[in-house]
Amino acid sequence: MEPQTNSGPLKWTLITASAVFLSVFLLLPLAYIVATALRQGMDAYLAAITDKYTCKAAWLTIQATLWAVAVNTVFGIAAAWCLTKFAFRGKKIISTCIDLPVTVSPIIAGLIYLLTFGRQSFLYPYLDSWNIKIIFAVPGIVLATIFVTFPFISRELLPVLTAQGTDEEEAAALMGAGAFTIFRKVTLPHIKWALLYGVVLCTARAMGEFGAVSVLSGHLWGKTNTLPLYIELLYQGYDFTGAFAASSLLVVMAIIILALRLWLERRGSKELDIRK
Amino acid sequence: MNEHAAYVELRNINKHFKDFHATRDVNIAIPRGQLAALLGPSGSGKTTILRMIAGLEQPDSGEILIGGRVVNNVPGSERGIGFVFQNYALFRYMTVFDNIAFGLRVKKAPETAIRERVTELLGLIGCSGLENRYPSQLSGGQRQRVAFARALAPNPQILLLDEPFAAIDAKVRLELRTWLREMITRLHITSIFVTHDQDEAIEVADEIIVTNKGRVEQTGSPQELYSHPSTPFVARFIGNSIPVKDYTRFRYFERFGPQTEAVLRPEFIGIFKKGEKLQYASSAEEGVVEDIIFRGSSLEIRVRLHDNLLSAIRSVNDPAIHVGEKVDVFIYRLFIIDGGRVTLAHNQSLKKESVVI
Ligand SMILES: Nc1ncnc2c1ncn2[C@@H]1O[C@H](COP(=O)(O)OP(=O)(O)OP(=O)(O)O)[C@@H](O)[C@H]1O
Ligand SMILES: [Mg+2]
């Protein structure tokens, strides 16, 4: 359908409203971050982002994100696959559980792990005797990040796999292809863009996670501070240059992710056009 | 039936989906090299039967035999089956070449042999030059042919086709089914295809298996089904059947059993203009023409007789008949539905006059 062209006033009102909204809620704060980060000069800014603790926090964020993406890619594909390709009891329950992380508050997610692996848990003595530290350590942060980002990949894959149906897989299986061949040759090309898109969303969410991670981190300087936590600490310590410099790092990461997302959407829809 | 002649055989097959009894005591035997059609209304269990033969579904009870061997526990990929899916299920992210080559690649055939076979099949289906296209870049008919080639590539013993022409427009469909018939005869491959289009089944198949509500109603050649339907369902389903509540109201049809239901077909009915020469003029009855439908090569005349609206075919060369005209209607024969059985009854006057002559 052709977009309406002759409703001038309405069009401009809407465009203005959107532009104002975006400026006030997005561009202004972003500009403010940059401005504040640079207020004490470029040198102070560079010093702040090359600060040992900032780098450590950034690295931990990247680590947690990579873990979350890796784990959730595997489980996301597995979950989406079994939910769409097989009929079994309890399908609804699994499907609902996948959404759990986005429906409960991240703080609660953090508390769940705190209770499961913390000192008061019956598991704690065993973990302790094996010398495994989860709470107030990196594994806890990774766990929390995985938990909150769990649905992103499988939710992207589910509609695509549902739409595809099982015919192509059945055809391949009838010709004697094994499960792995079928996945690689038939299913994967189909879900590739959705999967990458899910990965992008998952990455974005993992990088920004604050709540659940905050509960489990313990805020050990240079050890269990992710970027968002570190920013909060700096801010509360009145180190505005540091806080905003670290924020600008996150913003840069986010912009990279956004660009990736745009590119993926383009590529994905182009390919869909050809192969529909 | 000769047991050893059957190449694909189903014995007392039953299948449930949860509480739903989708296949009931099905017995089928198809000799080697035959082309059989599974014909039945939507939801009658045709696809389910086909999928069980292919090993895509497991029957709850009964045996499936291929070449005399019970294959219930043999995986579908080892049954020597090529399957053409209802919507083709071509691999949409692979080219035509890769689609056809898939089965051979899985079997680790040498690449030169694969190239040779694919090229041969592309020639066979008349799609040479299309090997680098994706399925979305093909016409419906071409997709259908590629699906056919893909199923044939690994040299299966049996070809199963689920509504192979359903998604194709009428004209191409006619061409394709003649083409498919020729292909299958040439390759001499035992084939079963599903359809709910009786014209398709009658034209293409050696043998038709009529399914209804999960049961096999009747198995036989198109002629047999046409002239000797063994169940009321088949009598009603095959041909353009016209249901009649009380056949005893027609002259020269004697009461046969307790029930009075019957099924007529257009070719059982003759319609004649008043005064037109008619051998059995004295035995004809008068009806009123209600509608005339132009069918291209013929006319369908709808005529009312004893509260029944009957359809008959008339040649465009016969003297013209008009709506509202009173005409002579002669019914040559009809199928009497008598409980679960069907009996063919002839117009008694035919017998009398032939005796006289
Ligand atoms: N996987 C399934 N789960 C539950 N019910 C099913 C399943 N597959 C088929 N059925 C049911 O079994 C019956 C027979 O289905 P089937 O697909 O064999 O019909 P069909 O004769 O091929 O119909 P059509 O001409 O519409 O394709 C239908 O009532 C259908 O709803
Ligand atoms: Mg079907």
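This is a predicted model: local features need pLDDT of at least 70, side-chain atom pairs count only at pLDDT 80 or more; totals for chains, interfaces and linings use all residues.
Helix α8 of chain A spans residues 167-174 and is mostly covered, with 6 of its 8 residues buried. Those buried residues are Glu168(A), Glu169(A), Glu170(A), Ala171(A), Ala172(A) and Leu174(A).

Glu168(A) also takes part in the contact between the chains: Arg92(B) forms a salt bridge with Glu168(A), and the closest N and O atoms are 2.8 Å apart. Across the interface of chain B and chain A there are 2 salt bridges. Residue pairs in polar contact between the two chains, both partners at pLDDT 80 or more, also number 2. On the side of chain B that touches chain A, the elements giving two or more residues are α1 (46-54) and α2 (96-106) of chain B. Helix α2(B) provides the largest share of that side, 3 residues. By residue class, the side of chain B that touches chain A divides into 12 nonpolar, 6 polar and 4 charged residues.

The contact as a whole draws 22 residues from chain B and 20 residues from chain A. Chain B and chain A bury about 2100 Å² between them, and 62% of this area lies on carbon and sulfur atoms. Of the area that chain B buries against chain A, 35% is supplied by Arg92(B), Tyr93(B) and Phe102(B), more than by any other three residues.

Chain B has residues other than glycine with positive phi, among them Ala89(B) and Asp307(B). Phi of Ala89(B) is near 50°, and the residue is found in the loop between β6 (81-84) and α2 of chain B. Ala89(B) counts as buried because its relative accessibility is 6%, below the 20% limit for that class. Asp307(B) has a phi of about 70° and lies in the loop between β15 (298-305) and β16 (308-315) of chain B. Asp307(B) has a relative accessible area of 59% and is therefore exposed, the limit for that class being over 50%.

Thr195(B) belongs to strand β8 of chain B, residues 190-195. At 2% relative accessibility, Thr195(B) is under the 20% limit and so counts as buried. The side chain of Thr195(B) reaches the backbone nitrogen of Asp197(B) at 2.9 Å. A polar contact of 3.0 Å also joins the side chains of Thr195(B) and Glu200(B). With neighbours within four places in sequence left aside, Thr195(B) is in contact with Leu38(B), Leu39(B), Gly40(B), Lys46(B), Glu200(B) and Ala201(B).

Lys46(B), one of the residues in contact with Thr195(B), is also found around ligand 1. There are 14 residues around this ligand, and those that come nearest are Ser42(B), Gly43(B), Lys46(B), Thr47(B) and Thr48(B).

| Residue | Protein atom | Distance to an oxygen atom of ligand 1 |
|---|---|---|
| Ser44(B) | backbone N or O atom | 3.2 Å |
| Gly45(B) | polar backbone atom | 3.0 Å |
| Glu163(B) | polar side-chain atom | 3.2 Å |

Definitions and conventions
Residues are numbered from 1 along each chain as its sequence is written. Chains are lettered from A and ligands numbered from 1 in the order in which they are written. Side-chain values use heavy atoms; hydrogens and water are left out. Contact means heavy atoms within 4.5 Å. Buried area is the accessible area (1.4 Å probe) that two parts lose on being put together, summed over both. A salt bridge is a side-chain nitrogen of Lys or Arg within 4 Å of a carboxyl oxygen of Asp or Glu. A polar contact is a pair of N or O atoms within 3.5 Å; within protein, one must be able to donate a hydrogen and the other to accept it, and residues adjacent in sequence count only if both atoms are side-chain atoms. Helices (H or I, at least four residues) and strands (E, at least two) are DSSP runs, numbered from the N terminus. Ala, Val, Leu, Ile, Met, Phe, Trp, Tyr, Cys and Pro count as nonpolar, Asp, Glu, Lys and Arg as charged, and the others, Gly among them, as polar. Buried means under 20% relative accessible area, exposed over 50%, partly exposed in between (1.4 Å probe, protein chains only). A residue is near a molecule or strand if one of its heavy atoms lies within 4 Å of it.
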